[in-house]
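Good morning, and thank you for coming. I shall speak briefly about one structure, and I ask you to keep the view open while I go through it.

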Amino acid sequence: MPEEHLEPGQLKHNVLNRFDSVLIAVAGSAPAYSLSASTVALVAAVGLLAPGAILYGAIPMFGIALAFLYLNQAMPNSGASYVWVGRILHPWLGFLSGWSLLVSAVLFMMAGAIPAGTATLELLSPDKTDSVVWVTVVSAFWFLVMNALVMVGIHITNVVQRILTSIEVIGLIVLAVGGLIHASHQVAHPFSWSWFSLGGYGNLSTFLGGLLITCFYFWGWDVSLNLTEETRAKRVAPGLGGVLGTLIIVALFILLQVVIQLNLGDKPLADEAANIIPLLGETILPKPWSYIALIAVMISTVATLETTLIQATRTLFAMGRDKTVHPRFAVLHANWQTPVLSNIVIGVLGIILFVVSNLSASVSDLMTSAISAIGLQIAFYYGLTGISCAWHYRKSFAESFTAGIFRLAWPLVGGLVLLAIFVMNVFTLSFQETAIGLGLILVGIIPLLVAKFKYHSPYFEGHVFEPDAEEWSGTKEATVAADTVKRG
């Protein structure tokens, strides 16, 4: 089919409700997986100040959540940051924001499947957990299952996500309660409010290093905004889901981090190979109840694989619709109404990187550096989104003080902090990590130039596809939204 005859389809409307948006935002951050995989790194960076680092990292991140909320009210689009940054700041920055999300998603999916495979084997066949081949096969199986679910439609994807996320959150709450009870009898580190002290970091570099790691903790809640075109009340529900989801994961992260420090001593918290949440389960609960922790990590990983695939495929769909990538990426399956080509391409690329890196020691080392550099890509597109919101609503203080704080000041602070973290990482990460993290962002200039000069994308002239232009045409709410865009 000639490119000029490729018509973008319409994603299935009004499938998700507000509750679904919140659950998907929570699942996107993968609380059990994030705590299990990143607690050792956070404690290595800031010691027992880890709960405070999570709290202080949440302050700028909440500003970014507000930016997503208000920008979605003005311009609901499955491309999210890619669209907003491009419309408000500059098309090149918008494209690179979308590109950064795609790159970080593919890199994360490559590593994110491994805990699911390991936890599955730990439950079903513990003697095979040391087998690289078995871990690779089972992990690849989970990856392919999630890719298939995302491909066959948002209805089944949503049902599966509701079940998985509910089980994960309930499991984490059980662990938190069990950990508090256990610590009342046998405590490893007595609770201290100094864990939340700003003065304990010693220097700014240590403080920002802790915030960098928390970026990876929080990353993913914005998937609810990539599903905006498939959500009821799409100007309100997705952004509200992101904000409420952020508040929920912050509470879970801080509570669980405190419980971890109450129950685990210095040795496990310093062990780079430690899988913290399963270790916590073994410490505070007798078998078979300790398997709750293992199941929570497995479910968390599987759920976040699904949300990461959703986020990447919807972003690629929006880019194809604007012809900033090949227009075929915007063509939807006739029955499923999903961007199948996006699923196939991202799935194939992810599985190749995953299998090759898991079976090759040299490639695995390279991919480990790539995973460490994801923080650069996260900070880049989050930071630009916060700045975009502040600029778009730069006249908010003229309307009211409250509007100025929530639409301008807080998103601006969040954006500046995230960009400061980005710059700091460029100079503090290893050369290989920086080259991969920053280099993969800059590689996006190649497809950018192709889109501009081969596909002649209108995106680079300041135009993007507006999925609800006809639906909202002539309504009072549409007029208000249009006026808001013009004022911004």
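I begin with a pair of helices, H16 and H18, which are roughly antiparallel to each other, because their axes cross at roughly 150 degrees and an angle over 145 counts as antiparallel. Please bear in mind throughout that this is a predicted model. Helix H16 covers residues 374-392 and helix H18 covers residues 401-428, and their axes come within 7 Å. The crossing of H16 past H18 is left-handed.

Which residues make this contact? On the H16 side they include Leu376, Phe380, Leu384 and Ile387, along with the glycines Gly383 and Gly386. H18 contributes, among others, Leu408, Leu412, Leu416, Leu419 and Phe422. Sorted by class, the contact has 17 nonpolar, four polar and one charged residues.

Helix H20 spans residues 445-453, and its axis comes within 5 Å of the axis of H19. The two axes cross at roughly 10 degrees, and H19 and H20 are therefore roughly parallel to each other. In this contact, Ile441, Leu442 and Val443 of H19 meet Ile445, Ile446 and Pro447 of H20. The residues here divide into six nonpolar, no polar and no charged.

The peptide bond from Lys287 to Pro288 is cis, with omega near 5 degrees. Pro288 is placed in the loop between helix H12 (276-284) and helix H13 (291-321). The other point is Ala30, whose phi is near 50 degrees, a positive value in a residue other than glycine. Ala30 is located in the loop that separates helix H1 (18-29) from helix H2 (31-46).

That concludes my presentation, and I welcome your questions.

Key: Residues are numbered from 1 along each chain as its sequence is written. This is a predicted model: local features need pLDDT of at least 70, side-chain atom pairs count only at pLDDT 80 or more; totals for chains, interfaces and linings use all residues. Side-chain values use heavy atoms; hydrogens and water are left out. Axes are lines fitted to C-alpha atoms, for helices over the stretch in contact, and angles run from 0 to 180 degrees between N-to-C directions. Helices (H or I, at least four residues) and strands (E, at least two) are DSSP runs, numbered from the N terminus. Angles under 35 degrees count as roughly parallel, over 145 as roughly antiparallel, 65 to 115 as roughly perpendicular and the rest as oblique. A crossing is left-handed if the near helix is turned anticlockwise from the far one by less than a right angle, and right-handed if clockwise. Contact means heavy atoms within 4.5 Å. Ala, Val, Leu, Ile, Met, Phe, Trp, Tyr, Cys and Pro count as nonpolar, Asp, Glu, Lys and Arg as charged, and the others, Gly among them, as polar.
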